[in-house]
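Let's walk through this structure together, one piece at a time. Please have the sequence and the 3D view ready.

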Amino acid sequence: VGAVAGGLIGALRNVGVNDDDAEYYAEAVRRGGALVAVKAEDHRAQDAADIMREHGAIDIESRVSQWRAAGWSRFDPDAQPYS
């Protein structure tokens with residue numbers, strides 16, 4: 001998972017995702033989540049986000065706050081996946 005998440009971080013950076021967000025998404029995948037990316041025209045982006053939220057997408061900022069409260073500080077590519 002570390003190598004996959006490391007590759008994920010690089011791929012996200014290559015499409016313009018900032019470093020912090022790329023690490024948040026990689027950590028979510030390490031913890032068993034799935035990352036769904038949607039390419040949408042600007043006028044449809046909010047619709048896509050709303051549909052994902054309606055079907056259980058998490059708020060990554062809230063989740064990162066929970067991780068930080070539990071002692072997490074940043075993505076560690078050598079950390080073991082959660083089971």
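Arginine 30 and glutamate 27 are joined by a salt bridge, with their closest N and O atoms 2.7 Å apart; the term means a side-chain nitrogen of Lys or Arg within 4 Å of a carboxyl oxygen of Asp or Glu. The model is predicted, so local features need pLDDT of at least 70 and side-chain atom pairs count only at pLDDT 80 or more, while totals for chains, interfaces and linings use all residues. Residues are numbered from 1 along each chain as its sequence is written, and side-chain values use heavy atoms, leaving out hydrogens and water.

Why can these two partners meet? Arginine 30 and glutamate 27 are three residues apart in helix H2, so about one helical turn separates them. An α-helix has 3.6 residues a turn, so residues three or four places apart point the same way. Arginine 30 is buried at 7% relative accessibility, and glutamate 27 is buried at 1%; buried means under 20% relative accessible area, exposed over 50%, and partly exposed in between, using a 1.4 Å probe and protein chains only. Salt bridges that share partners also bring in Arg31, making one network of Glu27, Arg30 and Arg31.

Now look at H2 as a whole. Helices here are DSSP runs of H or I with at least four residues, numbered from the N terminus. H2 covers residues 19-30 and reaches 16 Å from its first C-alpha to its last. After H2 comes glycine 32, with a positive phi near 105°.

Glutamate 23 forms a salt bridge with arginine 74, their closest N and O atoms being 2.6 Å apart. Arginine 74 lies in the segment after H4, 51 residues from glutamate 23. Glutamate 23 is buried too, with a relative accessible area of 10%.

Which residues make up the largest nonpolar core? There are twelve: Leu8, Ile9, Leu12, Ala22, Tyr24, Ala26, Ala28, Ile60, Val64, Trp67, Trp72 and Phe75. Such a core is a set of buried Ala, Val, Leu, Ile, Met, Phe, Trp, Tyr and Cys residues joined through side-chain atoms within 4.5 Å.

Finally, find tryptophan 67 and tryptophan 72, both buried. With Tyr24 they form one aromatic cluster.

Key: Helices (H or I, at least four residues) and strands (E, at least two) are DSSP runs, numbered from the N terminus. The expected span of a helix is 1.5 Å times one less than its number of residues. Rings of Phe, Tyr and Trp (its six-membered ring) pair if their centres lie within 6.5 Å; planes under 30 degrees apart count as stacked, over 60 as edge-to-face and the rest as tilted.
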